[in-house]
Amino acid sequence: MAAKGEGSNESRKRKSSSSAADGSKGEKPSNPKKVKLPSSSSHPNKGPNKPFKSSKQQSQQQQPLKYKSKFGKSDTHGEKTVPKTKRELRLQAKELAEARKKKRKPHYTLEQELASLWEKMRQRNIAKQDRSKLVSEALRKMKGKIHEIASSHVSSRVLQTCVKNCSQAERDAVYEELRPHFITLACNTYAVHLVKKMLDSASKKQLAEFISFLHGHVAALLRHMVGSVVIEHAYQLGNATQKQALLLELYSTELQLFKDLVSMKESKLVDVISRLGLQKNSVVRHMSSVIQPILEKGIVDHSIIHKALIEYLSIADPSSAADVVQQLSGPLLVRMVHSKEGSRIAMLCIKHGSAKERKKIIKGMKGFVGKIANDQRGNMVLVCILSIVDDTKLVAKVVVRELQAILKELVLDKNGRRPLLQLLHPNCPRYFSPDDLASLDLSIPSLCTKANAKLFFPLYQGGLEVNSDLDKLEKSSKVGEDVEEDNSDTEDATTESDKRTNEGGKKDPFLRRQELLVNSGLAESLIDTCIESAGELLRSNFGKEVIYEVATGGAGGILRPNLDAKLEALYEAIASLAAQPNSEEEEEEEDHLLENFHSSRTIRRLVLDCPTFASTLWKKALKGKCKTWAQGHSSRVVCAFMESSDSAVQALARKELQPLIDGGILKLPESKQLEKQVKVSKAK
């Protein structure tokens, strides 16, 4: 015990001596138990604003924490690590992405190999043999897996290039492998392009087999945004019989189920109903169930749908037909006018639509009027609008304004000039074919008024031609029990039919033309264009018709007398060009106006039909120079003065031309010589 006490006393003495040494001499320290705080630099995790940590936490922090990273490498906290560069981080991310793709895509490695081959084979400057080797290698790698990788974004492109450049034997092998999977691939966003490429290079036998595979799936695929493209492509490539087979499936359930019924010669739905004894009401219901989802999804670009629609409208009841017209009235119609049936549907919607629906149709064309005018089929839709719609302010604001901005382009275009010619000379057989004029007279049977039904039933063409009496059709189709039901529907819809007249607008046609052509300023701009480009238009095969109609003042003299001064300026411009000397020594890019094939005949017509122009031309270009122009194409122009029915025009030229005729220098046409001989004989 003593030893222990002594040890404790000695320790106390040492502590007191050490504390005394720290303080000042003879003074008691103010805080003998003060603990020295560690500085911020003494510990890496402690700073002036960081909280204290217990000894347990400090001991845990001092021990390095080990974990395994995503890349399989162990990392250690607490040790000084060199930060990774951006390049290393990118490579690390790339490795991770590659690992994920390999796990997700079973054929990822194969796709990478095919992509490298594709980059070589699709080059333009590669030799044909080298490309064939690359194509064969790619097909060898894909063999047995083509249907699996055809849906890939990259592999489908490789397959398209291979199908395009491979041999016929290799192409047939690809076809055989894809044969059981065509319907599935037709609905894939990427594989659909491969299917189209296969159809383009398919033989007649393969195409017929592919169309037979589509039996029973046509309606379902047409409702699919991607699958409808394949149906349309097969429809365009097929012959008349194959087209009919695809189309008939949309008419009836029986035709969809039984393949043998599809092979028939009748092309029109009315004839099919009569031949097979189908019930008209059941056909209407089935077609409604097929067509309505297609219209709701806006899949209206395909010609097979246009054909089905126009056949549907030929048998639809008033309410169903009115629903279709209402659904199509708007921007959807712009996407349909490129086909023959689509343009006719557009004209039917304009003809039978209400004022509100017509307004939607015209407003939906805003920004597309120029393209529609230049389209082979779409130009007739504009012709229909200019001939029917009474709201001339709206038509002038949307249609005429856009036509006015591209007048010269329209005048020189075969299709674009037609809307202008319709305003200048409506329904002229010289500018519109019988088929075009018949399309303007089309109408929907169920929306015709009873008074006009007899007039319009015989005019139906291209799917709308029906029997003049639908009751006979129903009786021959063994649907006598449905006749009363149809008649009651017609009576209920009398009011709707009266609203949707088929006679077009109520405004006077001449007044409508005047408002659209003269009052809108279109005629003045058109004359200015003709003055500026008179030579080019006269020499053009298409522009000459427009400049002729403008120079003669239009049908009914619609441009007179408001624009007489402008027309005089046009006559002066043409006469000035005709008055230019014909220099044979110098090589000219263009023939002289009187020597050119097109312009000489147009000027001849103007001399015969427009005495004012004939007088201007004679005085400014031909007087005293007829002998120069008595040979070649120009002789037709000179002779026209003697052929003119206007005595004043004949009097101008007789004194100079008669000696040329008597001398045999100028020869009149045979018809004119016969008339002259008859007159002489009568005088005797």
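**Charged residues in a predicted model**

Q: Which residues gather in a patch of positive charge on the surface?
A: This is a predicted model, in which local features need pLDDT of at least 70, side-chain atom pairs count only at pLDDT 80 or more, and totals for chains, interfaces and linings use all residues. Residues are numbered from 1 along each chain as its sequence is written, and side-chain values use heavy atoms, with hydrogens and water left out. A patch of like charges joins residues within 9 Å that have over 30% relative accessible area and no salt bridge. The positive surface patch gathers K359, K363, K366, K397 and R401.

Q: Which elements give two or more residues to the positive patch?
A: R401 lies in helix 24, where a helix is a DSSP run (H or I) of at least four residues, numbered from the N terminus. The elements giving two or more residues to the patch are helix 21 (355-364) and helix 24 (392-405).

Q: How many residues apart in sequence are the parts tied together by E572 and K620?
A: E572 and K620 form a salt bridge. E572 belongs to helix 36 and K620 to helix 38, so the parts that the pair ties together are separated in sequence by 48 residues.

Notes
Patch = residues over 30% accessible without salt bridge, like charges linked within 9 Å, V, L, I, M, F, W, Y side chains within 5 Å. Areas by Shrake-Rupley, 256 points an atom, 1.4 Å probe, with all protein chains shown as cover. Salt bridge = Lys/Arg side-chain N within 4 Å of Asp/Glu carboxyl O. Lys, Arg positive; Asp, Glu negative; His and termini not counted. Charge placed at Lys NZ, Arg CZ, Asp CG, Glu CD.
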